[in-house]
Amino acid sequence: MLLLLCLEGTILFFNYWREIDNRQQLQASTRQTAIASILDSYQRMITLIYEESFNHPPIISLIEQAKDADDPGKARLRNALYRRLHSTYENLRELDLRSLHFILADGESFLRFNRPDLFGDRIIDHRPMLQSVLEGRPNGGAFENGRVSPCYFYAFPLISNGQVVGAVDFGIPFAAIRHALSRVEPDTDNLYRFIIKRNLMEPVSHPSSLIRFKDAVISKAYIIEEDADSQYQPAKIDRIDARLQTDPIVQQALDRGEGIVTEVCLNGGGCYSVSLQPVSDSRQRVAGYIVNYMPMAAFRYLRGSHLTAFLLGGMLIIIAGYSLRRWLQSNQRLRTISDHMAEGMYVMDEAGRILYVNPTACQLLKYSEKDLVGEDAHRLFHCHEEDATLSSEHCPIKHRTLKGAIYRSDEEHFLCRDGKRIRVSIVSSPFWSGGRLSGSVVLFRDITTEYEVRQRLLRSDVAFSSLAEGVMVVDAEGRIQAVNRAFSTITGYAEQEVLGRNPRILKSDQHDDAFYEELWRQVTEKGHWEGEIWNRRKNGQIYPELLRIASVKRSNGEVTAYVATFSDATEKRRHEQQLRKLAYNDTLTGLHNRTAFLETFEHVLAHAQRRHFRCALLYLDLDRFKKINDTLGHEVGDKVLVESAKRLQQGIRSEDEVARLGGDEFIIMLEDIRDEDTPARVARKIISLLGQPITLDPHLLHVTASVGIAVFPEDGGDVTTLLKNADAAMYMAKREGRNGFHYFTRAMAEKELDRFKLEIDLHTALLNDEFLLCYQPKIDLLSGDITGIETLLRWQHPQRGLLDAGEFLSLAHDAGVIRDITHWVITEACTQLQVWLDTGLRPGRIAINIDSHTFNSSDAYDQIGRTVQITGISPRLVELEISESGLLEKAFDDDFWKQMVELGFMLTIDDFGIGESSLYRLKHLPVGTLKIDKSFIRDIECDADNRGIIRTMIAMGKNLGLKVLAEGVENRRQLKFLHETDCDEVQGHLFSAPQPADVMAELLASNPYKQLLETINDYSAE
C-alpha cells in the first residue's frame, strides 16, 4: 500500500509541473493569437475609415497642391486639411487611434494631427514600410518607431491620375492594444507593459517625445513611457521587474531577442507568471517586448487540486483494503453517514420492504421511522406519475434495481402521510451481499418547488427568447449565465459561445476606465444604470447600443446577478447624424448653415490667434432678391439661390469657406490673408460671377450683390464682433448704390452706432409727439399761382435738434415703424388741409411722399384711402409722390397703382432722372406729374449736359401728356431757363423754404409770386 501511495504521488508531481508548463504556454499562445486578431481588426476598421473619409478627391487635391507650394502656401493647405478632417480625427481618438499623419510624395512630413507643430521633416529613412507605400507598393502595416511615438502603423497611398502624391499614416499605440488584450481573459488582474529598445528609438524620436520615457527596470537596454502604466500598480510591477533584472535566464533571452515565460514570487505580494513576447519592426528586428504579468492564483488552485487528488487517491487505496459488503451491512456505520445527509434515503430488500430509513426521509414523507421500517415502499408512498395504481411488479424503482441497473428519474412522485403529493428526484442503486443482489439503496429529494420554478422559468424563457431587446444575465462573479435570441442577433455571438464568459468580450475600448467606474458606481449605489454605450460585435464592428443594467438582490441585500437589456442604436445614431447634417447644412444650397459656419470660424480664429494670421469675413446680400420672389415665385427664387451658391464656391480658394446664413444672405471666410487687397479681389470676383446672367427658361435674370468686409484682427477679435461689423459694412455698400463692396472702418462703426441709437429713439418719437410737418408751395410758371403744397416731415429730436426726413426715414423703414409714421403724416397733412379749406384758403392738392414697397394692394385702401377719408378730405385733393427708384419695387401693372387712381389720388414720380424708369413703364403707369430731381437743376447754369437732359425730360413729359415740375429752384437764372423750356411748375427756396403751417397760411393768403414771375425777362442780367 505504501508503494502504491509513493507511485501515485510521483505521477501527480510530474502531472502538476507538466500542467503548469502547458498552462503557461497556452497563455502565451493565446496572447499571440489575440494580438494578431486585434491588429487584424484594426486593419479592417482603418481600411474602412480610409475609404470613407480619406480616399476622396478633396483630400487628395490638398496633398497634391502641397507638392509645388511654397511655405506660406503649404501652411494654408495644412490649415485647410486640418480644419476639414478635425472632426474625423476626434472620432479616431475615441477609437484609440491617436496618430494620424499625412506625408508628401518626397517623404516630407506634411501634417501630424497629434503634433501639428512638427512638420517638414523627412521621415521615410527610418520608416521602410512607409517608404514602400510611397514607391507604389500596396498599403501595409508594421511596428515602427515614429518621430513622435512608437506605434503599430498602417499606411495607405493617396493616388491622383495614377500617381502616388502622398500617403496617410494611422498609428495604433500600445495603450489601444493593451485595452483590447483585456478582453482575452476575464481576469482583471492580468497586466501588460510595453518596453522598447533604447538604441532603436533614441536616434529616431523627436527630443520632446523622448522626455516621456524612462529607463525600464527590467533592463537598462530598454525604455518605457513615464506615465503609461500609472494605473497598473507600477510599484509592484517594478519589484517584479527588479527580480527579472537579476535573473540571468531572462536577461539572456532579452539579449537574444527571444520570448520567455517565467515565475516570480514576491515576499507577501503573491506570485506572478511573467511572459515576455518580442515585437518585431518592419526590418524584422526585435524592437521591444509586450510584457504580461499574470497572478498565479489559478496555478495555486491547480496545485491544491493535485494535492487534493493525492489525498483522495490515498484514501481510496486504504478504503479498498476493506470489504464494502461489511460496510453496507453495518447499521451503525450506515446511520453515521445517512443521519447527516440532506437527501432522504431508505434501504429495501429484494421484496421491496424497507430495511432502513434516515431522518431526512422521515421528515420529507411525514412518517416516523417505525411507520416505515418493514413496510412495502411502493404500496405505502410511491405513486407513479403516469398511473397512481402502478403495480409493485412494474415499479421502476424496484424493478430496474433488481436487474442490477441504477435507476435515475426526476419524474417520480411520493405520497406523504398528510396526503400531500411531492415530486422527487431519485437515484436507486443495487447492493450486493455474498455475490448475490440483496436489495437497493434509494436516495431522493423533494423537487416540487424546484420543478414549479423550472416550469415558470421555462415559460419565462419562451418570453425571454421572444423579446426584441437583447438580454444578458450575469452572475455575481461576472460570468454570463443566459442570453436570448435578440442578444445573438445583435452581437453575432451564439449562446454557447458566451455562456460562462465575462461580458468584456463585448467591450469596444471606446470608453476609458473612468466611464466604467462611474457606471458600476451607479449600479452599486442605485441598483441600476442606463445610457448609451459603444460595444463590439463578434465580427469586430463597433456599434452603439441603449443599455440598462439592473442588479438582482436577495432579501439581505446580497447581489446574486445582474440583468442587462439593450437594443442596437445604430439606426438611432444614423438618424441623429442625418439630423445633425440637417442642423449643420443648408438643405437648399448644400452649403454650411450659420451654426456650422460659426463653429468652423471659432476654430479658425483660435488658430489665427496662435499663428498670428489675418483672416476676413465677407458678408454678402443679393440686391432686390425679394422682387424675384414676389414677381416670379419662390421656386425661381430658390433656383437663383442655388446657382448663386455654386458661383460663390467657384470664386473662393480651396481653404476658404462659404455658408448661407438664411434668405439671400451668404458669408465667406477668407483664411490666412497675406496680401492687403485679397478681400477686395475676392469681393470683385464674386460680384463679377454673380453679375453674369442666370438663364431660367423663360427668364434671363441679372443678379447683383452688396458685400461687406471685416478683417481680423483690425475689425474685431471674436466671431460676434466680426460678423456684426461685416454686416454693417454690407449695409453701407447697399446705401452707396448696391452691386459693390465696402470695408468696415472705425468711423463707420461709430456712424452705425449712432444710427442704432437713432433707430431706438424712433420707436418712441410718435408716442412723444416729436414729429412735425413743414410745407413748401408749388408754383405755376405761367400764372404764378400756388397749385399745390408738398408736405415735408421733420423730427424734433430731444438731443439732436431738428432733423430732415432724409436723416431718419431709411432707419424708420429698417426699424419697422415706417407704416405708423406714414399714417401719422397722412392724417396730419389732411387735417391741416381741411383747416386751410375751412378758412377759405385754396392750397390746391397737398402732396405726401410715400414709400411704395411699404404698402401692397391688399392694404392700400386701409392704410392710405381710409385714413384720408376719415379726415374728411377727398382723395382728389391728395397727391402721392413716389420716388422713381420706388417704382422699381412694383410692376407697372400692380393693383396698387390701379387702386390709388380709382380712389381718386393723383400719382407723381418724385426725383425723376436718377432712377431706371423706362419709357414703356412711364407710358403704362397712371401718373400725372414728373418731378425733375433738384440735382439736375443745381448745375444748369454751368453744365450744358444737364440743360440738354432737362429739355429732353420736359419734352418727353409733354409728349406723354404729363405735367413737369422742377424742384430745387434757387435763383432767377434757373427759373428763366425753366420758363423758356416750357416747364409747367417749379418749387424751391427761390419762392419759399419749407414753412410751418401758420406761415404757409400767410403765403396762401397773399400769393406773392405773380409779381416775381412778371419780371422774369429781366433775370438774365443777374
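Author: R537 counts as buried because its relative accessibility is 13%, and the cut-off for that word is under 20% relative accessible area. This is a residue of a predicted model, and the values given here are computed from that model. R537 forms a salt bridge with D568, and the closest N and O atoms of the two are 3.0 Å apart. The pair links distant parts of the chain, since R537 is in the loop between β20 (528-536) and β21 (542-553), while D568 is in strand β22 (residues 559-568), 31 residues apart.

A search of the whole structure finds 49 salt bridges. One of them joins E671 to R83, with 2.1 Å between the closest N and O atoms. E671 lies in the loop between β25 (665-670) and α25 (678-691) and R83 lies in helix α3 (residues 71-94), so this pair ties together parts that are 588 residues apart in sequence. Both E671 and R83 are buried. Another salt bridge is formed by D804 with R794, where the closest N and O atoms are 3.0 Å apart. Here D804 lies in strand β32 (residues 801-804) and R794 in strand β31 (residues 786-797), so the parts that are tied together are 10 residues apart in sequence. R794 counts as buried because its relative accessibility is 12%, whereas D804 is partly exposed, with a relative accessible area of 39%. Salt bridges can also be linked to one another, and K778, E790, E879, E881, K931 and E967 are joined in a network of this kind.

Helix α23 (residues 625-632) and helix α24 (residues 634-650) pack at an angle of about 145°, and their axes are 7 Å apart. On the side of α23 the contact is made by F625, I628, N629 and L632, and on the side of α24 by H634, V636, G637, V640 and L641. Sorted by class, the contact of α23 with α24 has 6 nonpolar residues, 3 polar residues and no charged residues.

L753, F756 and I760 make a nonpolar surface patch of about 290 Å². Of these residues, I760 has its place in helix α27 (residues 746-765), and I760 is partly exposed, with a relative accessible area of 44%. Another residue to look for on a helix is P57, which is found in helix α2 (residues 57-66) and is exposed, because its relative accessible area is 63%. The C-alpha atoms of P57 and S160 are separated by 8.1 Å, although the two residues are 103 residues apart along the chain.

The peptide bond from D697 to P698 is cis, with omega near 5°, and P698 lies in the loop between β26 (694-696) and β27 (699-701). The bond from F712 to P713 is cis as well, with omega near 5°, and P713 is found in the loop between β28 (705-712) and α26 (719-735). Q284, a residue other than glycine, has a positive phi near 65°; Q284 lies in the loop between β10 (270-280) and β11 (286-295) and counts as exposed at 65% relative accessibility. N1007 has a positive phi near 45° and is likewise a residue other than glycine. The place of N1007 is the loop between α37 (997-1006) and α38 (1009-1014), where N1007 is partly exposed, with a relative accessible area of 21%.

To place these details in the whole, the protein has 38 helices and 38 strands, and of its 1022 residues 48% count as buried. The accessible surface comes to about 50200 Å², of which 51% belongs to carbon and sulfur atoms. Among the contacts with a separation of 6 or more, 59% are between residues 24 or more positions apart, and the pair you began with, R537 and D568, has its two residues 31 residues apart.

Key:
Residues numbered from 1 in each chain as written. Predicted model: local features only at pLDDT ≥ 70, side-chain atom pairs only at ≥ 80, totals over all residues. Heavy atoms only, no water. Patch = residues over 30% accessible without salt bridge, like charges linked within 9 Å, V, L, I, M, F, W, Y side chains within 5 Å. Areas by Shrake-Rupley, 256 points an atom, 1.4 Å probe, with all protein chains shown as cover. Salt bridge = Lys/Arg side-chain N within 4 Å of Asp/Glu carboxyl O. Helix = DSSP H or I, 4+ residues; strand = E, 2+ residues; numbered from the N terminus. Buried < 20%, exposed > 50% of the residue type's maximum accessible area, 1.4 Å probe, protein only. Axes fitted to C-alpha atoms, helices over the stretch in contact; angles between N-to-C directions. Contact = heavy atoms within 4.5 Å. Nonpolar A, V, L, I, M, F, W, Y, C, P; charged D, E, K, R; others polar.
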